[in-house]
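Work through these exercises with the model open beside you. Try each task before you read its solution.

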Amino acid sequence: MSAGPPDAPSGVRAADPVADDAAADAAAAPVPDPLRGQTLAESRRRTSVKWLAYPPDVLPLWVAEMDTRLAAPIAEAVHEAIDLGDTGYATVEPYARALAEFAGRRWDWQVPDERIALVPDVMRGIVEVLKLITSPDDAVVVNSPVYPPFYAFTEHLGLRVVEAPLGAGRRIDFDALAAAFTAARAGGHRAAYLLSSPHNPTGTVHTAAELARVAALAGEHGVRVVADEIHAPLVPPGTGARHVPYLTVPGAERGFALLSASKAWNLAGLKAAVAVAGEESAGELALIPEEVAAGASHLGVIAHVAALRHGGPWLDALLAGLDGNRRLLGRLLAERLPGVEYHVPDGTFLAWLDCRELGLGDDPAAVFLERGRVALASGIPFGTGGAGHARLNFATSPEVLTEAVDRMAAALPQPGGRP
């Protein structure tokens with residue numbers, strides 16, 4: 001499925017207008033920290049699931065929505081579309097071109113426009129790709145603990161989940177991965193590997209060497225890799241980590257990647273995403289039914305394109321704020337909940353908290369909700385390695401983050417953060 005217009009060169013380097021956009025962004029005035037721009041009272045006026053799932057006395061730090069206002073270029077683009085009545089069906093070309101430019105600037109990746117397909121969102125895109133490369137009773141390998149929909153959507157397709165738990169340092173355990181690939185392929189079944197990159201919930205950012213090893217191992221076992229890269233833009237500078245697109249490593253030619261601007265710019269309600277095929281997978285990607293693209297929102301594409309083309313300064317300000325928050329969380333936990341093991345994540349805005357020393361049982365999130373009125377994501381649905389853990393979304397103001405940890409500490413049976 002071609003993504004470029006008739007006069008666009010394949011491989012997309014920068015069309016002049018887009019290059020001008022990037023230059024204008026670089027010259028723009030600094031953007032203030034987006035995480036400090038909205039009060040808790042203002043956030044509570046929202047009607048998304050984050051704010052309606054729990055009573056108003058609960059601090060919601062569970063689902064992956066950020067407490068930010070829209071970046072100005074995105075709001076302007078959506079308002080202009082509404083004023084024009086531009087609310088029809090979406091097309092892939094603007095998204096493909098904007099993504100190619102963004103990926104070129106941020107990751108030195110020249111995304112080939114002829115290998116891009118528009119999909120409604122990342123998980124629906126993953127489902128469509130899995131339909132292409134697996135059949136019922138085949139297997140999908142995941143690195144547990146991992147994003148719960150990986151389990152739910154896989155099982156809904158009639159596929160088996162085979163876990164390859166993360167190893168030391170919350171990194172890929174290649175012995176476990178090889179064993180999982182062998183198990184997944186047993187009996188001649190086809191198999192896919194859903195790679196969360198950066199990893200949700202741990203925030204691990206896979207290195208180029210690790211991803212090349214994944215590609216080599218997958219090739220050896222005949223496993224197809226599908227990389228969920230929705231958190232790709234959310235790696236703050238100065239961490240020593242850098243997002244590496246899976247399709248750029250040697251041996252990834254038979255793989256796929258799913259990307260979206262939704263997480264980095266808080267656009268979950270404006271649905272759009274793209275599936276990108278490796279060089280040897282383009283023919284399969286073209287088999288995705290044409291009606292799948294119709295599930296993407298035209299306003300979503302407009303918003304995502306504005307984010308990718310003009311939202312760079314806002315994203316940089318957000319990354320600085322997230323960097324401050326992830327370190328603030330570490331200090332707060334060390335002072336007030338020393339029984340919680342927390343490793344500062346290299347990417348995402350999610351913290352994976354090991355609460356097993358607190359003595360709160362398999363579901364500490366339930367205790368923090370009941371006693372502290374703080375909503376975290378329970379670790380149990382994340383699969384093996386999730387019991388005794390909770391996931392915290394720190395994409396909020398430092399004040400809310402501080403209050404949340406105070407409430408969590410107060411929820412323990414004894415003061416001082418110890419059971």
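A nonpolar core is a set of buried Ala, Val, Leu, Ile, Met, Phe, Trp, Tyr and Cys residues joined through side-chain atoms within 4.5 Å. Buried means under 20% relative accessible area, exposed means over 50%, and partly exposed lies in between (1.4 Å probe, protein chains only). The model is predicted: local features need pLDDT of at least 70, side-chain atom pairs count only at pLDDT 80 or more, and totals for chains, interfaces and linings use all residues. Residues are numbered from 1 along each chain as its sequence is written, and side-chain values use heavy atoms, with hydrogens and water left out.

**Exercise 1. The cores**

Find which residues have the most contacts inside the largest nonpolar core.

Solution. 
- Step 1: The largest nonpolar core holds 108 residues.
- Step 2: Tyr246 and Trp265 have the most contacts inside this core.
- Step 3: Helix 13 gives the largest share of the core, nine residues. Helices (H or I, at least four residues) and strands (E, at least two) are DSSP runs, numbered from the N terminus.
- Step 4: Now list the partners of Trp265, not counting residues up to four places away in sequence. Contact means heavy atoms within 4.5 Å. Trp265 touches Met66, Leu70, Ala71, Ile74, Phe102, Pro233, Ala307, Leu308, Gly311, Trp314 and Leu315.
- Step 5: Another core, of 29 residues, lies apart from the largest one. Val119, Val142, Ala273 and Ala277 are among its members.

**Exercise 2. The largest pocket**

Describe the lining of the largest pocket by position and by class.

Solution. 
- Step 1: On a 1 Å grid over the protein atoms alone, a cavity is a set of points where a 1.4 Å probe fits but cannot get out. A pocket is an open set with protein on both sides within 12 Å along at least five of seven lines. Lining residues have an atom within 4 Å of a point.
- Step 2: Grid points are joined across faces, edges and corners, and a volume is the space filled by probe spheres set on the points. The largest pocket has a volume of about 680 Å³.
- Step 3: It is lined by 35 residues, and Val63, Ala64, Tyr147, Pro149 and Lys263 are the closest to its centre.
- Step 4: Helix 6 (122-133), helix 7 (149-156) and strand 11 (377-378) each supply at least two lining residues.
- Step 5: The lining divides into 20 nonpolar, nine polar and six charged residues. Here Ala, Val, Leu, Ile, Met, Phe, Trp, Tyr, Cys and Pro count as nonpolar, Asp, Glu, Lys and Arg as charged, and the others, Gly among them, as polar.

**Exercise 3. The cavities**

Describe the linings of the largest cavity and the second largest cavity.

Solution. 
- Step 1: The structure has three cavities of 30 Å³ or more.
- Step 2: Of its 13 lining residues, Leu99, Leu259, Ser260, Ala261 and Leu308 lie nearest its centre.
- Step 3: Helix 5 (residues 93-107) gives the largest share of this lining, four residues. By class, the lining has 11 nonpolar, one polar and one charged.
- Step 4: Asp67, Thr396 and Val400 are among the lining residues.

**Exercise 4. Salt bridges**

Find which parts the Arg69 and Glu42 pair ties together.

Solution. 
- Step 1: A salt bridge is a side-chain nitrogen of Lys or Arg within 4 Å of a carboxyl oxygen of Asp or Glu. The whole structure contains 20 salt bridges.
- Step 2: Arg69 and Glu42 form one through their side chains (3.0 Å, N to O). Arg69 lies in the loop between strand 1 (59-60) and helix 4 (72-84) and Glu42 in helix 2 (residues 40-43), so the pair ties together parts 27 residues apart in sequence.
- Step 3: Arg69 is partly exposed at 42%, and Glu42 is partly exposed at 29%.
- Step 4: Asp406 and Arg336 form another salt bridge (2.2 Å, N to O). Asp406 sits in helix 15 (residues 398-410) and Arg336 in helix 13 (residues 312-336), so this pair links parts 70 residues apart in sequence.
- Step 5: Asp354 and Arg356 also pair (2.6 Å, N to O). Asp354 is buried at 9%, whereas Arg356 is exposed at 55%.
- Step 6: Salt bridges that share partners join Asp33, Arg36 and Glu399 into one network.
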